[in-house]
Amino acid sequence: MSTDVRDTTTQRRAARRSAAILGVVAVAVFVAFIAATVLRSGAGV
Amino acid sequence: MTATTQNDAHHADDHHDHGPELTGIKRWLFTTNHKDIGTMYLIFSLVMLFVGGAMALVIRTELGQPGMQFVQPDFYNQMVTMHALIMIFGAVMPAFVGLANWMIPLMVGAPDMALPRMNNWSFWILPVAFSILLATLFVPGGAPAGGWTMYPPLVLQTGDAFPMLIFSVHLMGISSIMGAINIIVTIMNMRAPGMTLLKMPLFVWTWLITAYLLIAVMPVLAGAVTMLLTDQFFGTSFFRAAGGGDPVMFQHIFWFFGHPEVYIMILPAFGIISEIIPTFSRKPLFGYTSMVYATASIAFLSFIVWAHHMFTAGMPLTGQLFFMFTTMLIAVPTGVKVFNWAATMWKGAMTFETPMLFAVAFLFLFTIGGFSGLMLAIVPADFQYHDSYFVVAHFHYVLVPGAIFAIIAGVYYWLPKWTGHMYNETLGKAHFWLTTIFVNLTFFPMHFLGLAGMPRRIPDYSTQFADFNMIATVGAFGFGLSQLLFVWIIVQCARGGKKATAEVWESPVGLEWTVPSPAPHHTFDEPPVVK
């Protein structure tokens, strides 16, 4: 990357991709904990 | 770290310095500017500090004398629950996010947060969430009264407020996760050329780690409260013993969120203190790399200590030992930090402007909170201390002269950069001394009350506890009133005063001090080069 002209388009595209991955991780944690509680209690639903 | 930048005072009037495109209310509703959003977060948290503080004063008023004087027991419980929820999710966390919004792009040389529109959403969800939460005070059955931990089956007895509580917690969680994602991707993708990870300011490091913690644990809280919701309204029995569920399971899940949450509220404070102490000691931070590793270690350990909150709920001896030792282990990286701050000050050319006073007070008083935490980590001792005022003293020492002192220190430290004016140093020092004296008057006697056996979350108590409770109540009113002085100092500074230079302080280190004061609306359109 040039030091005097910031390529914000590339930076923001990479940022959006990372943000999407982190969002998926957050949803996966949410689902995983509910699923684990169902398995653990056996009577969740 | 040295930096060259185009954003010095010479260029402040060129195209980088144009103000917001929108004016009036639209500027604030639709802004995508990190400085505007940071300001809104900080004002919101200040408002919530006073709302939550007013509830604390209701609590302390009732506890001023033994016997029931002013409020009904159920309303007292509502105040205790709402005070905690508002202070944690409405005051402390948004204040740190506000500081992050303002300072992280400036510190890493980015023109803004990586995802500015999401940033706008992250903020504007919060007033909605807290409007819903505060509205519960006016619904049949009143506000939630089962404690901020929302333990079933007690919380399932909440009236019409219950779904509102769950929805507001969901909104707070969504806001926090979006904010955390934004902070991570800004730090990872938008740093100025040459700013490697180990050249980042400590405040940026601590926030990066905090943001990962948020993404890991806020969905856990969301999952837990979703299961409460389905237990209440959709016939599930996740936590209903009558249906085969396990109420203690909720406690495990809650504290798997709750303990990292404690560090979410203190790691950014460590970052602020790590910025302030070197500036006013006129020395580089001692042990920068060890500070980074200590922060990461604390974050890792925060995931394997959760059950120390529930020793008395019952668990195998091996479980008790595991959680006791892992909890004690946290003292090691925390000790590294405290000693590094002390070593930074050692033989430094120290001066004690208001931010430094708050930082030094943080060092002493947070350490008191840390030590009482170590006492609580010891299983047999915890069986005595559990649910007593000793616990209340402990976590208030960590959160008030800990987290809130660091926030206040950060506000004084960066206020001239935000407003372009120096605050009134004499009033700042007066605010410091009043706050420090009253915070100790409020919370120190609670150690004695707890050790003498006074339980927490009660509106009335035995007469033997009367004197210390009266002292704590006087302290609480003094502390609350002292914060009006803080507001006055901020307002005065925003309106005018002595002009601040770009550096503000004597040779501080960091890119934020290379831009003019007040920081122009747009900064670092052309990236600085970090050498």
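A residue is buried if 20 or more other C-beta atoms lie within 10 Å of its own, exposed if 12 or fewer, and partly exposed in between, with C-beta atoms placed from the backbone. Helices (H or I, at least four residues) and strands (E, at least two) are DSSP runs, numbered from the N terminus. This is a predicted model, in which local features need pLDDT of at least 70, side-chain atom pairs count only at pLDDT 80 or more, and totals for chains, interfaces and linings use all residues. Residues are numbered from 1 along each chain as its sequence is written, while chains are lettered from A and ligands numbered from 1 in the order in which they are written.

**View 1. Helix α5 of chain B.** α5(B) has 29 residues. Of these 29 residues, 23 are buried, so α5(B) is largely enclosed by the rest of the structure. From its first C-alpha to its last, the helix reaches 42 Å. That is close to the 42 Å expected at 1.5 Å a residue (the expected span is 1.5 Å times one less than the number of residues).

**View 2. Helix α4 of chain B and its cover.** α4(B) runs over residues 116-135. Its 20 residues reach 30 Å, close to the 28 Å expected. Among its buried residues are Asn119(B), Asn120(B), Phe123(B), Leu126(B) and Phe130(B). The cover over the buried residues includes α2 (34-63), α3 and α5 of chain B.

**View 3. The largest nonpolar core.** A nonpolar core is a set of buried Ala, Val, Leu, Ile, Met, Phe, Trp, Tyr and Cys residues joined through C-beta atoms within 7 Å. The largest one has 183 residues. Val92(B) and Ala409(B) have the most contacts inside it. Helix α3 (residues 73-108) of chain B supplies the largest share, 23 residues.

**View 4. Ala409(B) and Thr354(B).** Two residues are in contact if their C-beta atoms, placed from the backbone, lie within 7 Å. Leaving aside neighbours within four places in sequence, Ala409(B) is in contact with Ile272(B), Ile276(B), Pro355(B), Phe358(B), Ala359(B) and Phe362(B). Thr354(B) sits in helix α12 (residues 354-377) of chain B. Thr354(B) counts as buried because 24 other C-beta atoms lie within 10 Å. On the same terms of sequence separation, beyond four places, its contacts are Tyr412(B), Glu425(B), Gly428(B), Lys429(B) and Phe432(B). Thr354(B) and Ala409(B) are 55 residues apart in sequence, and their C-alpha atoms are 7.2 Å apart in space.

**View 5. Where chain B touches chain A.** The contact takes 31 residues from chain B and 27 residues from chain A. On the chain B side, α5 (161-189), α6 (202-233) and α7 (247-264) each give two or more residues. α6(B) gives the most, with 8 residues. By class, this side has 21 nonpolar, 8 polar and 2 charged residues. Here Ala, Val, Leu, Ile, Met, Phe, Trp, Tyr, Cys and Pro count as nonpolar, Asp, Glu, Lys and Arg as charged, and the others, Gly among them, as polar. Chain A has 1 helix and 0 strands. Buried residues make up 27% of its 45 residues.

**View 6. Backbone exceptions in the loops of chain B.** Most residues other than glycine have a negative phi, and most peptide bonds are trans. The bond from Pro152(B) to Pro153(B) is cis, with omega near 5°. Pro153(B) lies in the loop between α4 and α5. Pro518(B) is in the loop between α16 (466-495) and β2 (529-530). Ser507(B) is in the loop between α16 and β2 too. Its phi is positive, about 50°, although Ser507(B) is not a glycine. Ser507(B) is exposed, with 8 other C-beta atoms within 10 Å. Asp387(B) also has a positive phi, near 60°. Asp387(B) lies in the loop between α13 (379-385) and α14 (389-419). With 13 other C-beta atoms within 10 Å, Asp387(B) is partly exposed.

**View 7. Confidence along chain B.** pLDDT is the predictor's confidence in each residue, from 0 to 100. Chain B averages 95, and 97% of the residues score at least 70. Over residues 4-16 of chain B, pLDDT stays under 50. Where pLDDT is low, the predicted coordinates should not be read in detail. The model scores ipTM 0.86 and pTM 0.94.
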